[in-house]
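Q: Please take a close look at one part of this model, the open space at its surface and what surrounds that space.

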Amino acid sequence: MSAVLSQSNEFSIVARRNCSMSPRALLAFFLVTAVLSLLIAMAWAMAGVWWVLPFAGVEIGALGIAFIAFGRRVGDFERIHLDDSRLVVEVCERDRVCRHEFVPAWAKVETRRVGLGSEVVVRCRDQQVVVGRYLDEGGRELLVRELSARLRERRSYDRGFRLNHNLYL
């Protein structure tokens, strides 16, 4: 999770999946593993245990399928951006981006218990979106605390601005 607070009092959080290997490193790891597995299987085949080769092929195929499934989700992210006029939540899953816009004065951040963990819900009137999928419990608690505080600041600023503005009219 990364948070940015700019000069104009904007607030942004981007949460991504934990990807410890780049796609290039993942490909290199797969190739080395496949070659090593085939070399071992060929050595056993040359020793007369030829039936090891099909199992090595199945092993390499299963590993390849697992890496492809993992690679499709590498670009997933959640972005929460709060400025003076709107709260924008973008959720990218499998190359599909869903964008939700909320009015900060009406938005609420809630925590719900789900199984052994929790989930964070941003809610505004009849619209809601679940965020914090890529954060651990501590990160979700920090997200709720920070975003709730920023939304409270916006509400108090909006109320103060309206009160002061009405006094001068």
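Which residues line the largest pocket?

A: This is a predicted model, in which local features need pLDDT of at least 70, side-chain atom pairs count only at pLDDT 80 or more, and totals for chains, interfaces and linings use all residues. Residues are numbered from 1 along each chain as its sequence is written, and side-chain values use heavy atoms, with hydrogens and water left out.

The lining of the largest pocket consists of Met 21, Ser 22, Pro 23, Leu 26, Leu 27, Phe 30, Gly 64, Phe 67, Ile 68, Gly 71 and Val 74. A pocket is an open set of points on a 1 Å grid over the protein atoms alone, with protein on both sides within 12 Å along at least five of seven lines; lining residues have an atom within 4 Å of a point. The volume of the largest pocket is about 160 Å³, taken as the space filled by probe spheres set on the points, which are joined across faces, edges and corners.

Helices α1 (residues 23-46) and α2 (52-72) each contribute at least two residues to this lining; helices are DSSP runs (H or I, at least four residues), numbered from the N terminus. By class, eight lining residues are nonpolar, three are polar and none is charged. Here Ala, Val, Leu, Ile, Met, Phe, Trp, Tyr, Cys and Pro count as nonpolar, Asp, Glu, Lys and Arg as charged, and the others, Gly among them, as polar.

Helix α1 also holds Ile 40, which counts as partly exposed because its relative accessibility is 47%, between the limits of under 20% for buried and over 50% for exposed (1.4 Å probe, protein chains only).

Terms used
On a 1 Å grid over the protein atoms alone, a cavity is a set of points where a 1.4 Å probe fits but cannot get out, and a pocket is an open set with protein on both sides within 12 Å along at least five of seven lines; lining residues have an atom within 4 Å of a point.
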